[in-house]
Amino acid sequence: MSFAQGILKGKSAIVTGGATGIGAFIVRKLGALGANVGIVSRKEENLVAAVKGFKESDGIDVAWRTGDVRDPEGIKKAFDQLAGDIGGIDILVCNAAGNFICPTEDLSWNGWRTVIEIDLNGTFNCCQAALMHLKAATDGGRIISISTTQADFGWPGAAHAGAAKSGIQNLMKTLAAEWGGYGIRANWISPGPIEGTEGVDRLIIQQGLSDEVLKRVPLGTFGQGEDISNAVVYLSSDTGRYVSGAGLVVDGGSQWARGR
Ligand code: NAP
């Protein structure tokens, strides 16, 4: 699938967790379609290596700042600086997340709290930090949060992440209602299992669950990073201008095949 060349020209986008996995696919696509892109996450070495890769393999200049989405003041500072580098913030992609598998009866308070703080509180912090810039976006700011199909079901072994992602989806609905008056659209994407990512490697392949998971994907394969980045482009360009408070499921149909 391809979008018109330069469809995002003149737009500025921040992608949290944009150095790795799905975030990096999103950065590549937004940059290839003309957006100025900035990325934020905790590890400088990841950011520096990713920016070098974006330049060498895609010819894209990407700005970066370190920042922890759990730290509201730090993330505001990083966003303000990045906005200076890339010319504002028209598009915010809340992609940063943490997760690990643990049965709920063994889940420590610290484990629960950490995932809620990164995923849910971190998304809240990023939306607030970007608000001033999103309000100034010429064609209406866009917030796109990366959720998961698991947020709509129970998620045995990941109560923390399931609760956080459900919370994110509700936050997007509320922001669509509250910030629509500023022209801001707030939506989320629910990916199924995406090949070549930390999520699939650690939570599915290393757990020996590949066959079991693929049995429940009607289209028969893991998704590709591009499947998610294409959805981001749809929601962040003029094509998605009347979509707000909505979730876009990109999972090969697996949410409807859970009983298989
Ligand atoms: P990933 O490569 O591990 O990406 C997570 C990113 O978040 C990393 O770049 C990490 O960078 C950053 N991050 C983590 N904690 C942070 C913090 N406190 N502050 C700032 N940045 C932080 O994982 P992924 O599999 O691509 O997942 C990306 C998103 O897609 C997540 O929201 C995930 O829930 C969602 N998702 C993935 C799949 C899948 O199949 N992979 C399926 C459904 C949903 P640093 O370590 O440098 O901070």
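How many nonpolar, polar and charged residues does the shell around the ligand have? The shell has 10 nonpolar, 12 polar and six charged residues. Here Ala, Val, Leu, Ile, Met, Phe, Trp, Tyr, Cys and Pro count as nonpolar, Asp, Glu, Lys and Arg as charged, and the others, Gly among them, as polar.

The model is predicted; local features need pLDDT of at least 70, side-chain atom pairs count only at pLDDT 80 or more, and totals for chains, interfaces and linings use all residues. Residues are numbered from 1 along each chain as its sequence is written, and side-chain values use heavy atoms, with hydrogens and water left out.

There are 28 residues around the ligand, where near means that a heavy atom of the residue lies within 4 Å. Thr20, Arg42, Asn95, Ile194 and Thr197 come nearest. Helices H1 (21-32) and H6 (198-205) each supply at least two residues of this shell. H6 gives the most, with three. Helices (H or I, at least four residues) and strands (E, at least two) are DSSP runs, numbered from the N terminus.

A polar side-chain atom of Arg42 lies 2.7 Å from a ligand oxygen atom. The protein covers 89% of the 880 Å² of accessible area that the ligand has on its own (Shrake-Rupley method, 1.4 Å probe).

The whole structure has one cavity of 30 Å³ or more. A cavity is a set of points on a 1 Å grid over the protein atoms alone where a 1.4 Å probe fits but cannot get out; lining residues have an atom within 4 Å of a point.

The structure holds 11 salt bridges (a side-chain nitrogen of Lys or Arg within 4 Å of a carboxyl oxygen of Asp or Glu). One joins Lys11 and Asp139 at 2.5 Å, N to O. Lys11 lies in the segment before strand S1 (12-16), and Asp139 in the loop between H4 and strand S5 (142-146), 128 residues apart.

How values were computed. A polar contact is a pair of N or O atoms within 3.5 Å; within protein, one must be able to donate a hydrogen and the other to accept it, and residues adjacent in sequence count only if both atoms are side-chain atoms. On a 1 Å grid over the protein atoms alone, a cavity is a set of points where a 1.4 Å probe fits but cannot get out, and a pocket is an open set with protein on both sides within 12 Å along at least five of seven lines; lining residues have an atom within 4 Å of a point. Grid points are joined across faces, edges and corners, and a volume is the space filled by probe spheres set on the points.
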